[in-house]
Amino acid sequence: MGKNVLSVKGVYKNFFGKPAVENLSFNVQGGETFGLLGPNGAGKTTAMRMIMNIIVPDEGEILLNDEPRKSLKTNRFGYLPEERGLYPGAIVLEMLTYFGTLNNLSRRKAEVEAIRYLDRLGMVEYTDSRINQLSKGMQQKIQFIAAFLHDPDVLILDEPFTGLDPINQIVLREMLQEYKQKKRILIISTHQMEQAENICDHICLINQSRVILNGRLSAIKKKNRENAYVVESDSSLEFMNSFPEINILEAGNTSYKFTLKDDKMAVSGLLKKIESQADIKKLEVVEPSLHDIFIKKIQEQSKDKE
Amino acid sequence: MKNLFRIARWEFITRFRSRSFLFNTFISPLLFTAVITLPILFFSYTPEVSTKLVGVIDLSGKDLAKDLQKRLNRKYRLENSSREYVILKVSVNNSQPYKEVLAEYRDAVHYRDSVTMVYNRIKEQRTEYYKNTHIPNREYFLKTSYETLQTSREEKELAEIELEGYKTALDSMYKFEAQKTADSLLASDVLNTYLLFPDDFTSRGILEYHSKNPGDLRETERFEKILQSIIIEKRILEDNVGRPKVKKWLSPIKIQKYQLFPDGQTEWNFYAQFYGPLIGVFLLFMAVFTSGGYLFSSVLLEKSNRVIEVLLSYASSRQLMGGKILGLGFLGLVQVLTWLTVAALLAVSNIIPVSKINYMNFTNALYFLIYFSLGYLFYGAIFITIGSISSNEYDAQQINQMLRTIAIFPVLLSLVVLAEPNADWIRVLSWIPFLTPSFMIMRIPLSGIPITGDIYLTIIIMLVSIVLVILIAGRMFRAATLMQGKRPAFSEIMHWIRVK
């Protein structure tokens, strides 16, 4: 299998004259975890529904390996919607088999795969239970299985981790890791920035129907780096207050956070200056958190609009 | 296309195994049939459990009790062939006040008798003296006895007046005491009822019916009929007409009804002709609304618990809608065929006398299937539309209820349809797609003449309406099911219908 690429190109979608998505464009490479981020109502769900072909864009196109979405079979896509929905009265295995067959699996194959996944998620004893007898977390696992079962080329998960306990979060992460290794396309949408920071390789931030940030996570972080450093020592670092070349952001007794006034200045000279007066125990280049970047960007955009 | 069948299979199997399907297929038709037929059975066929004691107080002096008992015996028998009614003449002989009045009455009778005797004797003697002119002192005797005669006559007349008074007292005492006895017997449930015939019963024809439950129409009707013929017979007999003649005149009549069909006449039976089509309409309604209701709740459920989002990502909305209609339609067919099989089994085993009910034939079974399918598709598409635009179950159920009311409305007119299945206004009503299946299912068996023209016309009307509602449903389904939380405005609905 060659390299998978999912491209969203200049997509517009209006609902009753209100734009839900405007000029949405991004590429998702196979083998990377793509994070689709944004506040509530930004247009994430609309974007995902368009990729799933549940709704059709008004303008623009969605391509998988240069083939238009419309001409692709649905069974190459797997979807976990944000709002979890299952048939309350249905029996777990029967329902999973039904979803599997809808994606062109044979009944037998669907059954086998469903049991395999149930076993992996530690739920094999619930094979013949009814959905409404399961706890919420278990129901969510059933939904994962429904999305994974037919081994799709494109997997879209909306808020996959909410409602899962830490153990199951790890299991899910392992499953996603395996999936990634097959160089398939994985799109995750979430509000939880820490979550996104941990698992995404590439992020796309949408706000008010538009893309405001799109790129590899490392590049974005680099670009938004504040050039801040933290030094820690056993003895007092108060003498740093008199350094003219730095701006002090946070001053503790033995720990100082600061930025360099001149970006081009080398940090090594400064370090020597500190070292002459105190032992440096720890030096850290402060990475901006995705959370901070998210808030900063959204605030910037609202300011621009004003 | 494969997904359409997979969806159909899923919908069919999950509903087929549900308890509600079992209930709607077997229990509710049984219940309905029971509910509408039981009152008939109670009213006309229930065998009486025990003999009823009917008291009679007869002041008319015509000995009506004997005649009444004779005729009741002839007509009404219990299952074990013993009498259903036993007539009991209410006796007052043990009542003290009556005894006293009776004793006084008897004294008065004695007194009158003795006075009369005296008077008669004097009269006889005087007659003898008149005839025999040779008796000495004849003149003198005639003269003196005349005065005695006058006095005794006066005495006699007075005694008779007195006796009349005693008799009236006795009669009213008899009525009073008899009624007192009868009332106490009625109160202690010895008697079921008692009848009181006043002395002028034969002329005025009014009697009293005393009972704890005078609302028992069936029983009063029986007594009325029998006593009517008894009194007529008595009146005629009083005019010196021979008994055999009276019997001949009074022999009862019975109406037998026949219905004209193109292939001959068939004896008409109200229960079979009326309740059969009524049960038919009910079954049709049940079938349409069982499957249609499932269609409705299926859409509503998937919309409210958001399974729809997963389903729409795996299958197109057309497949989803088509699969549902197909699967649940098949479910409805299974239900209808189950009923037809049961009906056929009952017919073969002669529990239903098919030979007497001429609408029970294969052509009409086919019409039943056709109108079921049309009704199901029509209402089903409407249900899908409502299910997809409803924002909550409560709203949706209300519309559902309204549709049911509309669909069952023809049943309210069933008696009119029975009388005039092909009246113009009923024909026009049966062209309204909402009402077509129900009306046609009643009209086809009830109509004496074939209504093939109307059948074709209504089928075409239904097909056109179905195409229309399915087109609308298809457009609404996709757009509206993804919405949630809010009820769409009318303008939005129109927008969905217009925009592809």
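Biologist: Between which two helices is the loop that holds B:N240?
Modeller: A word on names: residues are numbered from 1 along each chain as its sequence is written, with chains lettered from A and ligands numbered from 1 in the order in which they are written. This is a predicted model, where local features need pLDDT of at least 70, side-chain atom pairs count only at pLDDT 80 or more, and totals for chains, interfaces and linings use all residues, while side-chain values use heavy atoms, leaving out hydrogens and water. Helices (H or I, at least four residues) and strands (E, at least two) are DSSP runs numbered from the N terminus. In chain B, the loop with B:N240 lies between α7 (217-238) and α8 (243-249).

Biologist: Is B:N240 buried or exposed?
Modeller: Although B:N240 is not a glycine, its phi is positive, about 60°. With a 1.4 Å probe and protein chains only, buried means under 20% relative accessible area, exposed over 50%, and partly exposed in between. B:N240 has 71% relative accessibility, so it counts as exposed.

Biologist: What phi does A:Q208 take in the hairpin of β9(A) and β10(A)?
Modeller: A:H202 stands opposite A:R216 in β10(A). The hairpin has two residues between its strands. A:Q208 is not a glycine, yet its phi is positive, about 45°.

Biologist: Nice. What is the relative accessible area of A:Q208?
Modeller: A:Q208 is found in the loop between β9 (202-207) and β10 (210-216) of chain A. There A:Q208 is partly exposed, because its relative accessible area is 38%.

Biologist: How far apart are the end C-alpha atoms of helix α4 of chain A?
Modeller: The expected span of a helix is 1.5 Å times one less than its number of residues. For the 13 residues of α4 (residues 136-148), that should be 18 Å. The model agrees, since the end C-alpha atoms are apart by 19 Å.

Biologist: How many aromatic pairs does the structure hold?
Modeller: Rings of Phe, Tyr and Trp (its six-membered ring) pair if their centres lie within 6.5 Å; planes under 30 degrees apart count as stacked, over 60 as edge-to-face and the rest as tilted. B:F197 and B:F201, both buried, form an edge-to-face pair, 4.9 Å centre to centre with 65° between the planes. Ring pairs also link B:F285, B:F289, B:F296, B:F378, B:Y379, B:F383 and B:F434 into a cluster. Over all chains, the number of aromatic pairs is 26.

Biologist: Which residue has B:R222 lying over its face?
Modeller: A charge sits over a ring if NZ of Lys or CZ of Arg is within 6 Å of the ring centre and within 35 degrees of the ring normal. In chain A, the charged end of A:R173 sits over the ring of A:F161, 5.7 Å from its centre. In chain B, B:R222 is 3.8 Å from the ring centre of B:Y76.

Biologist: One more: which are the edge strands of the open sheet of four strands in chain A?
Modeller: The strand order is β2-β1-β4-β5, with antiparallel pairing. At one end, β4 (residues 59-64) and β5(A) pair over two bridges, and A:L63 has A:P68 as its bridge partner. Pairing on one side only, the edge strands are β2 (18-29) and β5 (67-68).

Methods
Two strands pair if DSSP finds at least two bridges between them.
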